[in-house]
Amino acid sequence: MRVDDDRVITPRLRLSGVVWRGALFGLVGTVPLAVTALCIADHHDRQEFLSIVSGIGLFGACSFVVGAGFWWTSGGDIRRWRDWRTITGQTAAVTVVGPLFMRLGMLLVVLGVAALGLSHLVDAAPYGSWLHGH
């Protein structure tokens, strides 16, 4: 990586890279989600846990939209979190915060969708199976 005249790391972030990395982090986060859900013994408690986590996906969607707005406002001057020290004014913070909100939003959307799917699997599991719980 190189540094330009403003001491910003180049190449700048790309939208596709930020979205893909957020989705990848969300997919990795589904493993502890599934393990945690399967450690809850009671069927009702397991479904309630998964329903609450799936609601987090709505917060992620809102975060993604806010990040996209910050990205659009930045006008192509998108910076990495490591470039925080290169911010010169109060309004320039959106150049760093936009990708952060988008990545976090994508992570939460993927995690919420995975929890919703797992909730449907637990709900459809036959009584007495390991997926149904006690």
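These legends describe close-up views of helix packing and annotated spans in a predicted model.

**View 1. Helix 1 packs against helix 2.** Two packed helices are described by the angle between their axes and the distance between the axes. Helix 1 covers residues 15–39, and helix 2 covers residues 43–74. Their axes lie 12 Å apart, at an angle of about 170 degrees. Angles over 145 degrees count as roughly antiparallel, so helix 1 and helix 2 are roughly antiparallel to each other. The crossing of helix 1 past helix 2 is right-handed.

**View 2. Residues at the contact of helix 1 with helix 2.** Helix 1 contributes Leu15, Val18, Val19, Leu33, Thr36, Ala37 and Leu38. Helix 2 contributes Arg46, Phe49, Leu50, Val53, Phe64 and Trp71. By class, this contact has eleven nonpolar residues, one polar and one charged.

**View 3. Helix 1 crosses helix 3.** Helix 3 runs over residues 94–124. The axes of helix 1 and helix 3 come within 7 Å and cross at roughly 40 degrees. Helix 1 and helix 3 are therefore oblique to each other. Helix 1 passes helix 3 in a right-handed crossing. Their contact has 18 nonpolar, four polar and two charged residues.

**View 4. Spans annotated in UniProt.** An unreviewed UniProt entry places the feature "transmembrane region" at residues 20–40, 52–72 and 92–118. In the model, residues 52–72 are 100% helix and 0% strand. The end C-alpha atoms of residues 52–72 lie 31 Å apart. Residues 92–118 are 93% helix and 0% strand. For residues 92–118, the end C-alpha atoms are 40 Å apart.

Key: Residues numbered from 1 in each chain as written. Predicted model: local features only at pLDDT ≥ 70, side-chain atom pairs only at ≥ 80, totals over all residues. Heavy atoms only, no water. Axes fitted to C-alpha atoms, helices over the stretch in contact; angles between N-to-C directions. Helix = DSSP H or I, 4+ residues; strand = E, 2+ residues; numbered from the N terminus. Parallel < 35°, antiparallel > 145°, perpendicular 65-115°, else oblique. Left-handed = near helix turned anticlockwise from the far one by under 90°. Contact = heavy atoms within 4.5 Å. Nonpolar A, V, L, I, M, F, W, Y, C, P; charged D, E, K, R; others polar. UniProt positions renumbered as here; feature names shortened; annotations may be inferred.
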